[in-house]
Amino acid sequence: MPRRPLTRRTTVGSALCAPLVLAGCDIDPPVRDGGTSAAPAPPPDAELVAAVVGSLVRAQSVLEAATSSAPALGARLAAIGEAHAAHLDLLAGAVPGSGLPSAAPPTVPSRVDRALGAVRRSEQRLLREAREACAVAASGDLARVLASIAASTAQHSAALAGAPTGATPVEASP
């Protein structure tokens, strides 16, 4: 069988296809630093999530202190505590390897109106921090979660501000 010489078209076509074939290979280059690979970088919003989790833990500790110092507020603050717990559950798993921080137990007055004032201030602080975090989040999904947390906190704060001291709690969704 006679051999056919390579044509210019075949040679150019082969030269153009070779980089595509090589790009399809998934062989990783060897590690140059002695075999250890760098730890993966944390997600871009990891510090932001940790800050919001810390704020939620702090707000939850104020609720618990207010309920223990003024037991009459227990039923009224239950919905807020449930919302904070749901938000903590949602955010706690967002950053792998991070646990829930602990907050120092705050001192809350035993008078119902003063304890309620401490809770209102705490919720306003949480609302401000959630709004600020929402504005700087790099991830759109995280921004939506933080906006939901801010909206929930705003609802609960409005219910706390508008109801008299002896009123029953307003049910609001987390």
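User: Buried means under 20% relative accessible area, exposed means over 50%, and partly exposed is in between. Where does Arg-125 fall?

Analyst: Arg-125 has a relative accessible area of 36%, so it counts as partly exposed. Keep in mind that this is a predicted model.

User: Got it. What does Arg-125 pair with?

Analyst: Arg-125 makes a salt bridge with Glu-129. Their closest N and O atoms are 3.2 Å apart.

User: How far apart are Arg-125 and Glu-129 along helix α4?

Analyst: They are four residues apart in α4, which means about one helical turn separates them.

User: What else does Glu-129 bridge to?

Analyst: Glu-129 also forms a salt bridge with Arg-58, at 2.8 Å from N to O. This pair links distant parts of the chain. Glu-129 sits in α4, while Arg-58 sits in helix α2, residues 46–69. They are 71 residues apart.

User: Is Arg-58 buried, partly exposed or exposed?

Analyst: Arg-58 has 23% relative accessibility, so it is partly exposed. The cut-off for buried is under 20%.

User: Which residues end up in one network?

Analyst: Arg-58, Arg-125 and Glu-129 do, through salt bridges that share partners.

User: How many salt bridges are there in total?

Analyst: The count is four. One of them joins Asp-113 and Arg-111, with the closest N and O atoms 2.8 Å apart.

User: And how exposed are those two, Asp-113 and Arg-111?

Analyst: Asp-113 is partly exposed, because its relative accessibility is 38%. Arg-111 is partly exposed too, with a relative accessible area of 46%.

User: New topic. Where is Glu-123?

Analyst: Glu-123 is in helix α4, which covers residues 112–136.

User: Which side chain of opposite charge is nearest to Glu-123?

Analyst: Arg-58 is, at 8.9 Å. Glu-123 is buried, yet has no salt bridge.

User: Why doesn't Arg-58 at 8.9 Å count as a salt bridge for Glu-123?

Analyst: The cut-off is within 4 Å, from a side-chain nitrogen of Lys or Arg to a carboxyl oxygen of Asp or Glu. Arg-58 is 8.9 Å away, so Glu-123 has no salt bridge with it.

User: What does Glu-123 touch, then?

Analyst: Leave aside neighbours within four places in sequence. Glu-123 then contacts Ala-59, Leu-63, Ile-80, His-84, Thr-153, Ser-157 and Leu-160.

User: Let's zoom out. How many helices and strands does the chain have?

Analyst: It has five helices and zero strands. From the N terminus on, the order is α-α-α-α-α.

User: How much of the chain is buried?

Analyst: Of its 174 residues, 30% count as buried.

User: What share of the contacts join residues at least 24 apart?

Analyst: That share is 79%, among contacts between residues at least 6 apart in sequence.

User: Now the packing. At what angle do α3 and α4 meet?

Analyst: Helix α3, residues 74–92, packs against α4 at about 25°. Their axes are 13 Å apart. The angle is under 35 degrees, so the two helices are roughly parallel. The crossing of α3 past α4 is left-handed.

User: Which residues make that contact?

Analyst: From α3 come Arg-76, Leu-77, Ile-80 and His-84. From α4 come Leu-116, Val-119, Arg-120, Glu-123 and Leu-126.

User: And α2 with α3: parallel or antiparallel?

Analyst: Their axes cross at roughly 160° and come within 10 Å. Angles over 145 degrees count as roughly antiparallel, so α2 and α3 fall in that class. This crossing is left-handed as well.

User: What about a loop? Where is Pro-44?

Analyst: Pro-44 is in the loop between α1 (8–23) and α2. Pro-44 is exposed, because its relative accessible area is 76%.

User: Last one. Is Ala-150 buried or exposed?

Analyst: Ala-150 is buried, with a relative accessible area of 8%. It lies in helix α5, residues 140–162.

User: What does Ala-150 touch?

Analyst: Ala-150 touches Leu-127, Ala-130 and Arg-131, not counting residues up to four places away in sequence.

Notes: Residues numbered from 1 in each chain as written. Predicted model: local features only at pLDDT ≥ 70, side-chain atom pairs only at ≥ 80, totals over all residues. Heavy atoms only, no water. Buried < 20%, exposed > 50% of the residue type's maximum accessible area, 1.4 Å probe, protein only. Lys, Arg positive; Asp, Glu negative; His and termini not counted. Contact = heavy atoms within 4.5 Å. Axes fitted to C-alpha atoms, helices over the stretch in contact; angles between N-to-C directions. Parallel < 35°, antiparallel > 145°, perpendicular 65-115°, else oblique. Left-handed = near helix turned anticlockwise from the far one by under 90°.
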